[in-house]
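Welcome, and thanks for taking a look at this one with us.

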Amino acid sequence: MATEILMPALSPTMEEGTLAKWLVKEGDRVKSGQIIAEIETDKATMEFEAVDEGIIGKLLVAEDTANVKVNTPIAVMVEEGESVSAASSSAVGGASVAPAPVAAAPVAVVAAAPVAAPVAVVSKASPDWAPGTPMKTMTVREALREAMAEEMRANPNVFLMGEEVGEYQGAYKISQGLLDEFGPKRVIDTPITEIGFTGIAVGAAWGGLNPIVEFMTFNFAMQAIDHIINSAAKTLYMSGGQMPCPIVFRGANGAAARVAAQHSQDFAAWYAAIPGLKLVMPYSASDAKGLLKQAIRDPNPVVFLENEILYGQSFEVPDLPDFTIPFGKARVWREGSDVTIVSFGIGMRYALEAADLLAKDGISAEVIDLRTLRPIDYDTVLASVQKTNRCVTVEEGFPVGSIGDHMASTIMQRAFDYLDAPVVTCTGKDVPMPYAANLEKLALVTTAEVVAAVKSVCYR
Amino acid sequence: MAARKAPEKSNVSKDELLKYYREMLLIRRFEEKAGQLYGMGLIGGFCHLYIGQEAVVVGLEACTKPGDKRLTSYRDHGHMLACGMSANGVMAELTGREGGYSKGKGGSMHMFSKEKHFYGGHGIVGAQVPLGAGLAMSDWYKGNDNVTFTYFGDGAANQGQIYETYNMAELWKLPVIFVIENNGYAMGTSMKRSTKSTTFYGRGAAYGIEGEQVDGMDVLAVKAAGEKAVAHCRAGKGPYILEMMTYRYRGHSMSDPAKYRTREEVEKIKQEKDCIEHVRDLLTHGGLASEEELKAIDKEIKEIVNASAEFAKESPEPALSELWTDIYA
């Protein structure tokens, strides 16, 4: 039966091209794979091969014809004994033009459309433990260690790998004692090869294990970010739901002290931008414990950003055998009526200090710790802003594309009519971190800046 | 035109040769059809065909047992067909339809089958290598004797993460076979223009990993080398490197003008080294199979491929609601 040869698409973007030259003439017998024409695209001149064998019955487009649309019939191929005229009529009559995929109808990209009219939002924030629960004091470091140890006891497929996690007992002593309890198969010292061991850990998660990858600091995870994003976060989607990746990437994030630009970056906004990841950034020891246990149990890749300066800080932690905190639930640290201060991670230190100082000036600040940045508990923030009508955000990261920027735009879209002042974002400065002590102090966000921002939105 | 050398007599059974013939032919005909559908605009984006390299994956799949894993780069259609994934599901993914292995959300470069232990389909050159070692780590951790086949090309073989992985794989004795499909070209850059030391299998020596170079156009040589590598891994001796010398007949992708090599070079390989013709010769010259028998197989394969194309055209595009699914487990 006669078949049409169609103008091919020779690149992902090609819509038309020039049929530069025919290398066959009517009546020629061609073999599969034989070059029959040269076609010029916007990028290059390409050779075009016959797919099937047969005889060139008719050339429908002359050589040197420009702007030939993709899928236009350019020749008709016939079989032995078939006449050309019969061929062209049967080909034209019988040709089924391939249905082009139908362009997707526009769909709403944002789950909730911007709400112009005031809509009251109810906060989901609730206490993480029942009143009367016995408490114990521990550092963030101890809380993280307890969380890992408890989950490793509960699930034999949970293991820890990273630089110096075993015999050295952890560069920041987070994994102290774990090698002794769990042995070298479950507490694995890696060479200093972040992209390699991160890729291996992601593969192990696909293979049914639950790895915890410790980055000595998240600055080094930049070497491995391809596996965190392209391999871990996107594969469930690319596989149509077949390949979950239950893995935790954890370690110190943000500025420590006097370690300069390459060791002092807050990556919260980077990872918060990625669908498929979950992102946790705890401030207190109870959150560190409850959220890390939750992260290890989560079937998705979780980035867990810690802070070196907070490791040694002590907090009250509920003394419960199995304490977890769900993701997407902010914590209201302090109730207030004049302004909402939204922060997370070490930013909470400045937010809480500022709230104390502001109270002395008669300004009542509500302080909210987001705790998880993907998912984000928007409702708790919006409910608070609807009450206070003012908002200031606090974080240590760079200003452009910050979490504060995102929160400000969300508040503008969903609570515009409640605002009595623009949302002000307090961030680190738009500079690489300097080494000099005085300059470093200037580069970081400060309590004084938070106080000043609150006073500005309160017009005080 | 150079004539094919007369085949040596093989002591391989007719059934085994026919199996290789059938499997390699399925990949070739499938890829030709994919190229055709690309030309018709039914397949979009990037589409990297495996034509010419079929013996590598068919020979190695013959060494596997249930539970073994495999993953590769974006030139992945052949690997999927060879491990038993359905032509319909692969072709429908190429056309971005609901019936595809990833429901149309992955495309040519990103397909997976948990059932067949096929772990992708990876678009970042070299990234699949530590991922493959990690899959092997999961078997090492569980203490079984499964093996992971980690395929990558000569282009990927210059990526740094391969050597980080070699180091850890040998250090921890992970059961992973690194299969370098050396087709001579990293996209359009020939090996001699990109690579100082061109014996890729030998690079494992720096990490204590054994390796060897294999004629990747000869499915029987591939099978023999694969058996050796698999035995090494299953015995707990750690990783093994197989450098398969092969050749891709088509461009890097569909939009490759192929100006970096001569038509003669391609023709010479097709005439002298073609992996399918090789097995065909063994069957016919050895008197093991008649032309009629082989023609019947050709016809059967053509029907499978045509049916897959029909399925891939008729399968509906994914529902618009699919945009928002499979982001979180």
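What follows is a short tour, from whole chains down to single residues.

This is a predicted model. Chain A has 13 helices and 22 strands, while chain B has 11 helices and eight strands. The contact between the two chains takes 55 residues from chain A and 50 residues from chain B.

**Overall build of chain A**

- Taken along the principal axes, the box filled by the C-alpha atoms of chain A is roughly 95 × 60 × 45 Å.
- Of the 460 residues in chain A, 50% are buried.
- If you take the contacts in chain A between residues at least 6 apart in sequence, 75% of them join residues at least 24 apart.

**Overall build of chain B**

- Chain B, with its 11 helices and eight strands, has a radius of gyration of 19 Å, close to the 20 Å of the globule rule for 329 residues, so it is as compact as a globular protein of that length.
- Its C-alpha atoms fill a box of roughly 60 × 50 × 40 Å along the principal axes.
- Buried residues account for 55% of the 329 residues in chain B.
- Among contacts in chain B with a separation of 6 or more, 77% are between residues 24 or more positions apart.

**Where the chains meet**

- The contact draws on 50 residues of chain B and 55 residues of chain A.
- On the side of chain B that touches chain A, the elements giving two or more residues are helix 1, helix 5 (128-142) and helix 6 (160-171) of chain B.
- Helix 5 of chain B gives the most to this side, with 10 residues.
- By class, the residues on the side of chain B that touches chain A are 24 nonpolar, 17 polar and nine charged.

**Helix pairs in chain A**

- Helix 9 (residues 347-360) and helix 13 (residues 447-457) of chain A have axes that come within 8 Å and cross at roughly 55°, which makes helix 9 of chain A oblique to helix 13 of chain A.
- The crossing of helix 9 of chain A with helix 13 of chain A is right-handed.
- Residues of helix 9 of chain A in this contact include Y350(A), E353(A) and L357(A), and those of helix 13 of chain A include T447(A) and V450(A). By class, the contact of helix 9 with helix 13 of chain A has eight nonpolar, one polar and one charged residues.
- Helix 2 (residues 140-154) and helix 8 (residues 285-297) of chain A pack at about 25° with their axes 8 Å apart; because the angle is under 35 degrees, helix 2 of chain A counts as roughly parallel to helix 8 of chain A.
- Helix 2 and helix 8 of chain A also make a right-handed crossing.
- Helix 2 of chain A brings residues including V140(A), L144(A) and E151(A) to this contact, and helix 8 of chain A brings residues including K289(A), L292(A) and I296(A). The contact of helix 2 with helix 8 of chain A has nine nonpolar, no polar and five charged residues.

**A covered helix in chain B**

- Helix 4 (residues 87-94) of chain B is mostly covered, with seven of its eight residues buried; among them are V90(B), M91(B) and L94(B).
- The cover over the buried residues of helix 4 of chain B includes helix 1 (14-39), helix 3 (77-82) and helix 11 (291-314) of chain B.
- Just after helix 4 of chain B, G96(B) has a positive phi of about 70°.
- E291(B) lies in helix 11 of chain B and is exposed, with 10 other C-beta atoms within 10 Å.

**Backbone details to check**

- R374(A) and P375(A) are joined by a cis peptide bond with omega about 0°, and P375(A) sits in the loop between strand 20 (372-374) and helix 10 (378-388) of chain A.
- The peptide bond from G120(B) to G121(B) is also cis, with omega near 25°; G121(B) is in strand 2 (residues 118-121) of chain B.
- N67(A), not a glycine, has a positive phi of about 55°. N67(A) is in strand 7 (residues 65-69) of chain A and counts as exposed, with 10 C-beta neighbours inside 10 Å.
- A258(B) is not a glycine, yet has a positive phi of about 55°. A258(B) lies in the loop between strand 8 (240-245) and helix 9 (263-273) of chain B, and counts as partly exposed with 16 C-beta neighbours inside 10 Å.

Terms used
Residues are numbered from 1 along each chain as its sequence is written. Chains are lettered from A and ligands numbered from 1 in the order in which they are written. This is a predicted model: local features need pLDDT of at least 70, side-chain atom pairs count only at pLDDT 80 or more; totals for chains, interfaces and linings use all residues. Helices (H or I, at least four residues) and strands (E, at least two) are DSSP runs, numbered from the N terminus. A residue is buried if 20 or more other C-beta atoms lie within 10 Å of its own, exposed if 12 or fewer, and partly exposed in between; C-beta atoms are placed from the backbone. Two residues are in contact if their C-beta atoms, placed from the backbone, lie within 7 Å. Axes are lines fitted to C-alpha atoms, for helices over the stretch in contact, and angles run from 0 to 180 degrees between N-to-C directions. Angles under 35 degrees count as roughly parallel, over 145 as roughly antiparallel, 65 to 115 as roughly perpendicular and the rest as oblique. A crossing is left-handed if the near helix is turned anticlockwise from the far one by less than a right angle, and right-handed if clockwise. Ala, Val, Leu, Ile, Met, Phe, Trp, Tyr, Cys and Pro count as nonpolar, Asp, Glu, Lys and Arg as charged, and the others, Gly among them, as polar. The radius of gyration is taken over C-alpha atoms; the globule rule is 2.2 Å times the number of residues to the power 0.38.
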